[in-house]
Amino acid sequence: MPTPETFLEATQWMGIATLALAALATLGFVLQWGLRFRLVGAAGFSAVLTVGLFGLSFEPLLPAAVPGALPYTTVFDSGATQIVIKVPQTITATELDATLQQAAKNLFRASRLGRSGQQPTIRARTLVHKPDDASELVYVGEVQPRPGDNDNPLSVKIYNQQLAKANAAAA
């Protein structure tokens, strides 16, 4: 699978090709070639491809994978600071920690909106089914980024009582 570095290298080569086509188009106009307008079109199209490849070099195309993480579903995303993911009811504390870290790597982006000073938060929840055909949302953990802390960039909180409640209901 292509990486951002691969797209950046392709951008460089496509940029060189674009400049070469632009030089040929200029030469075509100077020498009054019949295909000069086709060369302008080819140079313009290659410029569009160059910009597209450059855009793909910014963001990884593959989601991050953390060992031990379980699959999750994003059930709410405000586009700013609040994200809620659904995890299995039988999740353990170590699996929840890995899942929250994986969700943070995949969902925390610089493009998120929000006021200054607000931290984006991912909250993990599960459903506990009660005997009276009602379901209860149980929040079992959350993760927030720690700006400026390069050693430990994420703050993961696991709500052990809520996790025990969800696991007990699953048994």
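## Overall shape

With 171 residues, a compact globule would have a radius of gyration near 16 Å, yet this chain comes out at 25 Å. The C-alpha trace spans about 85 × 40 × 30 Å along its principal axes. Keep in mind as you look around that this is a predicted model.

The chain has a mean pLDDT of 88, and 92% of its residues reach 70 or more. Where is confidence highest, and where is it lowest? The top value belongs to helix α2 (residues 36-56), with a mean of 95, while helix α4 (residues 160-170) has the lowest, at 85.

## Elements and contacts

You will find four helices and five strands in the chain. Starting at the N terminus, their order is α-α-β-β-α-β-β-β-α.

Take the contacts in the chain between residues at least 6 apart in sequence: 56% of them join residues at least 24 apart.

## Surface and burial

Of the chain's 171 residues, 29% count as buried. The chain exposes about 10,700 Å², with carbon and sulfur atoms supplying 61% of that area.

One spot to look at is a nonpolar surface patch formed by L24, L27, V30 and L31, which together have about 350 Å² of accessible area. L24 sits in helix α1 (residues 4-30). Is L24 buried, partly exposed or exposed? L24 counts as partly exposed because its relative accessibility is 38%, and that class runs between the cut-offs of 20% and 50%.

Conventions:
Residues numbered from 1 in each chain as written. Predicted model: local features only at pLDDT ≥ 70, side-chain atom pairs only at ≥ 80, totals over all residues. Heavy atoms only, no water. Patch = residues over 30% accessible without salt bridge, like charges linked within 9 Å, V, L, I, M, F, W, Y side chains within 5 Å. Areas by Shrake-Rupley, 256 points an atom, 1.4 Å probe, with all protein chains shown as cover. Salt bridge = Lys/Arg side-chain N within 4 Å of Asp/Glu carboxyl O. Helix = DSSP H or I, 4+ residues; strand = E, 2+ residues; numbered from the N terminus. Buried < 20%, exposed > 50% of the residue type's maximum accessible area, 1.4 Å probe, protein only. pLDDT = per-residue confidence, 0-100. Rg over C-alpha atoms; globule rule 2.2 N^0.38 Å. Contact = heavy atoms within 4.5 Å.
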